[in-house]
Amino acid sequence: KDKENPVLLVIHGGPGTSEIPYAVKYQNLLEEDFTVVHYDQRASGKSYHFFEDYSHLSTEVLVDDLLAMTDYISERLGKEKVILMGHSFGTYIGIQAAQKAPEKYEAYIGVGQMSDTVESETDILSYCIEQAQVAGNIEDVAELQKLTGKIKNGDAVTPRNYVIKYGGATRLIDNPDGDNVGMLLSSEYNLMDVIRYNRGLVYSQQILLPDVLKNPLPATITKLDIPLYFLMGKYDYMTSSNAAKNYFDKIEADTKEFIPFDKSAHYPQYEEKEKFHEWMYQTFVK
């Protein structure tokens, strides 16, 4: 709406789940007061190219990409600093960039913030087993219990189809990620882009998830030199809200705040978009 507005640079989750196809449905309020920048990470969505060599893809490469993207956006929009917001896996990339180059950012916002991976996945598994027991789904209980050892050893994650099934992904909206029909109906994506999305999703998950499991954030990021905010849905079991709060309590920052969204799961910025916009406005505009 106005190039003078603060710039919000959003790092999507996944790995490999671009938010460009559906973000426009939810950010109309945000666009009144912010210039919102989305991009598809290397090998994700529109940035997946069929004949490109991605053998060197890593979380470190994505952090460097984000820093380069930040410089490009800052120059193009004439901003000394931008607000950095990671969502889900995007928080793994975003908080590392914020630590590496704090001078580029006004603040760091983690929505669906990742934390200690084993702690988070153990909490997620317990939640899914509990909900399956309540629902009387004995087969789900048995399948989930088989994963306990691997998850506690950091060798696996709780299958997200169970998290989605038992309300740990969304509460107030339909789960938006991986909606091929929705992507086709989006003004931003065409059929070829949807094919790119699905190819890139599989590849990115295979390459990047082991890094996340082996290198949890609390072991490497213990302090930020810019304001830090964690915005977490109460029912978030894609990235455990409980584990995120434990990480928040340990990480050092001169200014930090943990903001709960009591009606949301993993997408509070979309599920409670009015509350999210109001918080953004009060924090960065007023």
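Guide: A contact here means that heavy atoms lie within 4.5 Å. The model under discussion is predicted.

Visitor: Which residues does Asp193 touch, not counting residues up to four places away in sequence?

Guide: Asp193 is found in helix H10. Leaving out residues up to four places away in sequence, the contacts of Asp193 are Lys46 and Glu188.

Visitor: Is Asp193 buried or exposed?

Guide: Residues under 20% relative accessible area count as buried. Asp193 has a relative accessibility of 6%, so the residue counts as buried.

Visitor: What is the length of the polar contact between the side chains of Asp193 and Lys46?

Guide: Lys46 is one of the residues that Asp193 touches. The side chains of Asp193 and Lys46 are also joined by a polar contact, of 2.9 Å.

Visitor: Which helix gives the largest share of the nonpolar patch?

Guide: The patch, of about 360 Å², is made by Leu184, Leu191, Met192 and Ile195. Leu184 is found in helix H9, residues 180–185, and is partly exposed at 43% relative accessible area. The largest share, three residues, comes from helix H10.

Visitor: How do the rings of Tyr48 and Tyr54 pair: stacked or edge-to-face?

Guide: The structure holds 13 aromatic pairs. In the pair of Tyr48 and Tyr54, the ring centres are 5.6 Å apart and the planes are at 25°. Planes under 30 degrees apart count as stacked, and therefore the pair of Tyr48 and Tyr54 is stacked.

Visitor: Which residues form one aromatic cluster with Tyr48 and Tyr54?

Guide: Tyr48 and Tyr54 are both buried. The residues that form one aromatic cluster with Tyr48 and Tyr54 are Phe50 and Tyr203.

Conventions
Residues numbered from 1 in each chain as written. Predicted model: local features only at pLDDT ≥ 70, side-chain atom pairs only at ≥ 80, totals over all residues. Heavy atoms only, no water. Patch = residues over 30% accessible without salt bridge, like charges linked within 9 Å, V, L, I, M, F, W, Y side chains within 5 Å. Areas by Shrake-Rupley, 256 points an atom, 1.4 Å probe, with all protein chains shown as cover. Salt bridge = Lys/Arg side-chain N within 4 Å of Asp/Glu carboxyl O. Helix = DSSP H or I, 4+ residues; strand = E, 2+ residues; numbered from the N terminus. Buried < 20%, exposed > 50% of the residue type's maximum accessible area, 1.4 Å probe, protein only. Polar contact = N/O pair within 3.5 Å; in protein donor to acceptor, adjacent residues only side chain to side chain. Phe/Tyr/Trp six-rings, centres within 6.5 Å; stacked < 30°, edge-to-face > 60°.
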